[in-house]
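Subject: Structure for your review

Dear colleague,

I am handing over the structure below, and I would be grateful if you could read the notes that follow it with the coordinates open beside you.

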Amino acid sequence: MSNCGTLIPQEILTDILSRLPVKSLCRFKCVSPSWNSLISDPYFAKTHLNRTKTQNIVISSSLNLYSIDVHNANPTATNLDFPTLEQHVANKRVKGWSSCDGLLLVPYIDNSNFLLLNPSTSERKELPALPFALDPVGTSSYAYGVGYNSSTDDYNVVMLSCNHTGSVQSKISIVDVYSLKTNAWRRIQHTPYVVGTSCFCGGVFLNGCLHWLCWRTGSYAICAFNLLDQIFREVPMPASLCGGCRILRFFVEVVGGFLYLVKRRASCKSEVWKMEEYGVGESWTKLTIDLPTGTPSLCLLCHLAEDKLLFDNSRWHGEKLVVYDPKKETLRDVVVAGIPSEFTVGRAYVESLVSPILRRGIGRQ
């Protein structure tokens with residue numbers, strides 16, 4: 001068995017293995033040293049990432065992380081068994097995790113440190129403490145996210161932080177960027193974009209930018225931080241949501257390569273806005289979902305087959321996963337074997353071999 005890899009040309013072996021699930025590939029590292037070297041290569045991880053379509057959901061209980069393959073007809077919650085992770089995820093207020101290429105960014109409870117982990121390979125990295133953390137005195141808000149910088153072939157973590165002291169007009173956010181390649185933070189600029197008071201906001205990555213819903217002088221906006229030039233720009237919102245505070249009921253999400261705005265709280269109806277063409281304000285389309293009694297909010301997680309959408313259905317006592325069928329205009333609960341009775345949904349993620357531990361390179365290019 002140890003010589004089986006030598007009987008197949010390297011390019012054919014790479015092509016075959018790059019089509020397999022991550023868990024199988026992790027086991028196949030034991031086949032031979034050559035297979036281990038191939039599967040561990042960052043450029044093989046890039047090839048696999050470009051082909052993978054499998055998207056899972058990660059949730060947390062008070063002590064553990066679980067992965068759920070929501071595309072399976074009979075989904076099961078699998079304990080990811082990250083040692084000592086409970087100290088980081090036990091705070092149920094922290095739901096705004098960020099994800100990119102299979103990597104999850106999990107903030108510590110004090111929001112001055114982060115974990116970068118891959119749920120598919122069980123690899124994790126504790127990022128160095130943010131040296132520019134705000135003074136904890138006073139009310140602060142934070143926005144953070146992880147994304148891929150194609151110009152440097154690097155994964156970056158971006159942190160926006162603001163102390164809510166003084167007038168609204170005087171508030172600015174401090175912007176710090178972490179590089180996986182250098183394993184270091186650097187402060188790059190200040191910005192007038194500010195996230196809400198006592199907010200813990202995970203950004204969503206699309207088209208080379210991290211997106212958040214922020215306040216800037218005069219109104220709210222969807223701000224997009226471009227990792228290539230490290231400049232903030234605005235994404236146009238639906239005309240009916242511009243101005244006023246109605247937009248505060250929404251959060252920004254990326255699903256299936258599209259930008260969404262989802263109403264976070266509603267008494268009987270929820271609104272879901274989809275940007276059909278990125279950056280084009282006129283391309284927003286609206287979907288209205290009737291909510292059953294006792295459903296304070298829906299959180300969009302991922303896209304399923306037949307245009308169905310998976311949501312986290314937030315209840316007063318725990319949470320559930322539900323599927324919305326736009327053709328039938330129905331919501332139904334998703335039965336998941338082994339799911340904890342109370343949990344907090346983290347984020348959808350793509351199964352990948354991308355490692356948070358830098359080896360010979362990132363490998364996405």
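A surface patch here is made of residues with over 30% relative accessible area and no salt bridge, and nonpolar side chains are joined into one when they lie within 5 Å. Please keep in mind that this is a predicted model. On that definition, L7, I8, I12 and I16 form a nonpolar patch on the surface, and their accessible area together comes to about 370 Å². One of these residues, I12, belongs to helix α1, and I12 is partly exposed, its relative accessible area being 42%.

Helix α4, which runs over residues 42-51, has P42, F44, A45, H48 and L49 as buried residues. Viewed down the axis of α4, these buried residues fall within an arc of 150 degrees, and therefore they line one face of the helix. As background, an α-helix has 3.6 residues a turn, so residues three or four places apart point the same way. The cover over the buried residues of α4 includes α1 (10-17), α2 (22-28), α3 (33-40) and β9 (154-163).

Finally, D81 sits in the loop between β3 (77-79) and α5 (86-89), where D81 is exposed, with a relative accessible area of 62%. The C-alpha atoms of D81 and L65 are separated by 6.9 Å, although the two residues are 16 residues apart along the chain.

Terms used: Residues are numbered from 1 along each chain as its sequence is written. This is a predicted model: local features need pLDDT of at least 70, side-chain atom pairs count only at pLDDT 80 or more; totals for chains, interfaces and linings use all residues. Side-chain values use heavy atoms; hydrogens and water are left out. Buried means under 20% relative accessible area, exposed over 50%, partly exposed in between (1.4 Å probe, protein chains only). Helices (H or I, at least four residues) and strands (E, at least two) are DSSP runs, numbered from the N terminus. The arc is that of the directions from the helix axis to the C-beta atoms. Contact means heavy atoms within 4.5 Å. Patches are made of residues with over 30% relative accessible area and no salt bridge: like charges are joined within 9 Å, nonpolar side chains (Val, Leu, Ile, Met, Phe, Trp, Tyr) within 5 Å. Accessible areas come from the Shrake-Rupley method with a 1.4 Å probe; for residues, only the protein chains shown count as cover. A salt bridge is a side-chain nitrogen of Lys or Arg within 4 Å of a carboxyl oxygen of Asp or Glu.
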